Structures are given as C-alpha cells and as structure tokens.
Amino acid sequence: QVQLVESGGGLVQAGGSLRLSCAASGSLFSINAMGWYRRAPGKQREFVVVVTSGGTTTYADSVKGRFTISRDNAKNTAYLQMNSLKPEDTAVYYCNALIRDYRDYVTPYWGQGTQVTVSS
C-alpha cells in the first residue's frame, strides 16, 4: 500500500508565497511522476504541474513563472513553491503520483488535499 501525505497549505495575502510538500511512502519501487491538481470552489479539478522521474516539468499556463516544482528522489517527496499568489489560486490542491510497485505495475495515487486560500 502506498500513501501520499501533503502539507503546507494555508491562508496568505495576494502576492505572498506558500510551499506545498507531498511525501510518498509504503510499498513502492519507483515514482514515475509527481505533481499537483487543484479544485477551486464550484469548478472542476484542473492540472497544475507535473515533474517526471527524469526532471522534466510541465506547468499549466496559469501558473507558469510563479510556481516551481522540485523533487527529492531520495525522500520520495515533491515540493511546490508558489509565489506571487493570486486570489484565483484559491483551491484545494491535490498531490498526484504515478507509482511503480515491485510487480512492475504503475498506479496513480492521490494525496488527501490541502487548502490554499489567497485573500485579496
């Protein structure tokens, strides 16, 4: 069994910064990719960012230049540094990871979600 544990959400004023963390633990062989999605009130969940095991990153246009994802493979942890936050970034952020187990199966896992609120 694999778990993703998120931390780092909170309340911040517009223009401020927050850092999210997502740590994977359990019976995993490797992590193919890690990233975040978010769901704003009244909206569907949307893609934010992903980083592959090789370090390739892809960002949603809405966060390019403001958000930076990084990854510590030794700790099975990804970090999302969010700068210049805007009220429209307010959402529940969900960590997502594609994890390969010892049977060579690749399975998507989700974190519990963390609330990010940006006040104007």
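Biologist: Which residues are linked in a network of salt bridges?

Modeller: This is a predicted model, and side-chain atom pairs are counted in it at pLDDT 80 or more. A search of the whole structure finds 6 salt bridges, and one of the pairs is Asp 89 with Arg 66, whose side chains meet at 2.7 Å, N to O. The network of salt bridges links Arg 38, Glu 46, Arg 66 and Asp 89.

Biologist: How many residues apart are Asp 89 and Arg 66, and in which loops are they?

Modeller: The side chains of Asp 89 and Arg 66 meet in a salt bridge. This pair links distant parts of the chain, with Asp 89 in the loop between β8 (77-82) and β9 (91-100), and Arg 66 in the loop between β6 (57-59) and β7 (67-72).

Biologist: Are Asp 89 and Arg 66 buried or exposed?

Modeller: A residue is called buried when its relative accessible area is under 20%, and exposed when that area is over 50%. By this criterion, Asp 89 and Arg 66 are both buried.

Biologist: Asp 101 and Arg 103 also meet in a salt bridge; which residue of the pair is exposed, with a relative accessible area of 58%?

Modeller: The side chains of Asp 101 and Arg 103 meet at 2.9 Å, N to O. Asp 101 has a relative accessible area of 13%, so it is buried. The exposed residue, with a relative accessible area of 58%, is Arg 103.

Biologist: What is the relative accessible area of Asp 61?

Modeller: Asp 61 takes part in a salt bridge with Lys 64, in which the side chains meet at 3.1 Å, N to O. Asp 61 is exposed, because its relative accessible area is 64%.

Biologist: Which residues are in contact with Ser 21, leaving aside its neighbours within four places in sequence?

Modeller: Ser 21 lies in strand β3, which covers residues 18-26. With a relative accessibility of 17%, Ser 21 counts as buried. Once its neighbours within four places in sequence are left aside, the residues in contact with Ser 21 are Val 5, Glu 6, Ser 7, Trp 36, Ala 78 and Tyr 79.

Biologist: How far apart in space are Arg 100 and Ile 31, C-alpha to C-alpha?

Modeller: Arg 100 lies in strand β9 and, at 22% relative accessibility, counts as partly exposed. Leaving aside neighbours within four places in sequence, its contacts include Leu 28, Phe 29, Ser 30 and Asn 32. Arg 100 and Ile 31 are 69 residues apart in sequence, while their C-alpha atoms are separated in space by 6.0 Å.

Biologist: Why is the protein chain as compact as a globular protein of that length?

Modeller: The secondary structure of the protein chain comes to 0 helices and 11 strands. The chain is as compact as a globular protein of its length because its radius of gyration is close to the 14 Å that the globule rule gives for 120 residues, the value for the chain being 14 Å.

Biologist: Among contacts between residues at least 6 apart in sequence, what percentage join residues at least 24 apart?

Modeller: Buried residues make up 41% of the 120 residues in the protein chain. For contacts between residues at least 6 apart in sequence, the share that joins residues at least 24 apart is 56%.

Biologist: How far apart are the mean positions of the positive and negative charges of the protein chain?

Modeller: The protein chain has 12 positive and 8 negative charges. The mean positions of these two sets are separated by 1 Å.

Technical notes:
Residues numbered from 1 in each chain as written. Predicted model: local features only at pLDDT ≥ 70, side-chain atom pairs only at ≥ 80, totals over all residues. Heavy atoms only, no water. Helix = DSSP H or I, 4+ residues; strand = E, 2+ residues; numbered from the N terminus. Rg over C-alpha atoms; globule rule 2.2 N^0.38 Å. Buried < 20%, exposed > 50% of the residue type's maximum accessible area, 1.4 Å probe, protein only. Contact = heavy atoms within 4.5 Å. Lys, Arg positive; Asp, Glu negative; His and termini not counted. Charge placed at Lys NZ, Arg CZ, Asp CG, Glu CD. Salt bridge = Lys/Arg side-chain N within 4 Å of Asp/Glu carboxyl O.
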